[in-house]
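Dear colleague,

Please find below the structure that I am handing over to you. My notes on what was found in it follow directly after.

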Amino acid sequence: MIDFLVIGGGIAGTSVGARLSHHGHVVVLERESALAYHASGRSAALFEESYGLPSTVALNEASRGYHFEANGGVTSPRGLMLIGTADDKDAFETDLAKMHLETLSVAEGRALFPILNDTVTRVGYDGDAWDLDTDRLVQNFASEVRGNRGAVRTSAEVTAIARTAAGWDVTVGDDVLSARVIVNAAGAWVDVVAEMAGVAPLGVTPLRRSMARIPAPGGHDVSGWPMLFGPGEDWYAKPDAGALIVSPAEEVLMPPMDAWADDMMLAEGLARYEEHVTEPVTRLLSNWAGLRTFAPDRNLVLGPDKSDPSFVWMAGQGGYGFQTAPAASQLTADLTVGNTPQIAADMVAKLSPARFA
């Protein structure tokens, strides 16, 4: 009998599997041939502590130490810059205050991101924003599962789930795995898994976000440039392995699927980016898309289902999966095994599946 069967091998599943592996036998199942194939493999991978709703910020704050210290840390300096024009003053000021950014002069902004053009009239900046080595983070958690005699299985699609007197029988290919507890960390598929298990779905919304990778503008060395946002996050650009990734930051409702970029949305996003810089986009190196999955209130959903505590949710990460993972996985594990949570009770309530009962 497996103690904790985790469905989903992205950052949610591997992190909660690692935490639970200290409390019993864990098996993590990933339907694809590799871990972190879907949303986790398509993340912008930034840690910015003040980014998100209050409950998300609480998880960010509680995750900081892990990101910087555990296994040697997974962070490297990046910085975050918000830019505005004469036409978006109100939206700029709203974001500046919400994200607690420092005001810079345009000249100071241009020193950090040299291709800003003359339409840029406002700059906000946070030097305390960090790249996350997402692959290393996933593999660290997966190694922790294995190190505690658990298992991580890829190409392991769940096709049926049945409630039993002792827990659950889960069909994976020709195997039927028996488990005391199921942890639903299936990303865009969490409601599909819930319905398979006879548990009420949350009503999550998987939202597509497209990305384009473009050559370094004008041959610049972009490695030290900050991540760049437009007000209202209607586009962003981020250095990535000697190039830039640019996104229109769209949110288009999609069914759970292996998403692909929308060409028209990419064109719109690239045009918004080009309005603020001196170097035009001449070609794309690649493009892709991911699904950012949100609960109805956009707070994460962490912990046992109210109707059946042997069915545990780690869901609704939206765009915050990596930066919240250390604390979100610890909270989910604590609630699953009956330990006292390490974050404030009011934040635990905001994250609890019971709020949908």
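Asp 3 is buried, with a relative accessible area of 19%, where buried means under 20% relative accessible area, exposed over 50%, and partly exposed in between (1.4 Å probe, protein chains only). Please keep in mind that this is a predicted model, in which local features need pLDDT of at least 70 and side-chain atom pairs count only at pLDDT 80 or more, while totals for chains, interfaces and linings use all residues. Residues are numbered from 1 along each chain as its sequence is written, and side-chain values use heavy atoms, with hydrogens and water left out.

The partner of Asp 3 is Arg 180, and the closest N and O atoms of this salt bridge are 3.0 Å apart; a salt bridge here is a side-chain nitrogen of Lys or Arg within 4 Å of a carboxyl oxygen of Asp or Glu. Because Arg 180 lies in strand 12 (residues 175-184) and Asp 3 in strand 1 (residues 2-7), the pair ties together parts that are 177 residues apart in sequence. Helices (H or I, at least four residues) and strands (E, at least two) are DSSP runs, numbered from the N terminus. Arg 180 itself counts as partly exposed, at 37% relative accessibility.

By the salt-bridge rule the count comes to 18. Among them is the pair of Arg 209 and Glu 233, with the closest N and O atoms 3.1 Å apart. Arg 209 belongs to strand 13 (residues 205-215), whereas Glu 233 sits in the loop between strand 14 (227-229) and strand 15 (236-240), so this pair ties together parts that are 24 residues apart in sequence. Arg 209 is buried, at 8% relative accessible area.

A further salt bridge joins the side chains of Asp 297 and Arg 355 (2.7 Å, N to O). This pair links distant parts of the chain, 58 residues apart, with Asp 297 in the loop between strand 18 (286-294) and strand 19 (301-304) and Arg 355 in the segment after helix 9 (345-351). Both residues are partly exposed, Asp 297 with a relative accessible area of 32% and Arg 355 with 25%.

As for the domains, whose bounds come from an automatic or database domain assignment, the chain is divided into domain 1 (2-71 + 133-204 + 295-355) and domain 2 (80-126 + 208-290). Their C-alpha centres lie 30 Å apart, and 13 residues of domain 1 are in contact with 18 residues of domain 2, contact meaning heavy atoms within 4.5 Å. The area buried between domain 1 and domain 2 is about 1200 Å², of which carbon and sulfur atoms give 55%; buried area is the accessible area (1.4 Å probe) that two parts lose on being put together, summed over both. Between domain 1 and domain 2 the count is 1 salt bridge.

With kind regards
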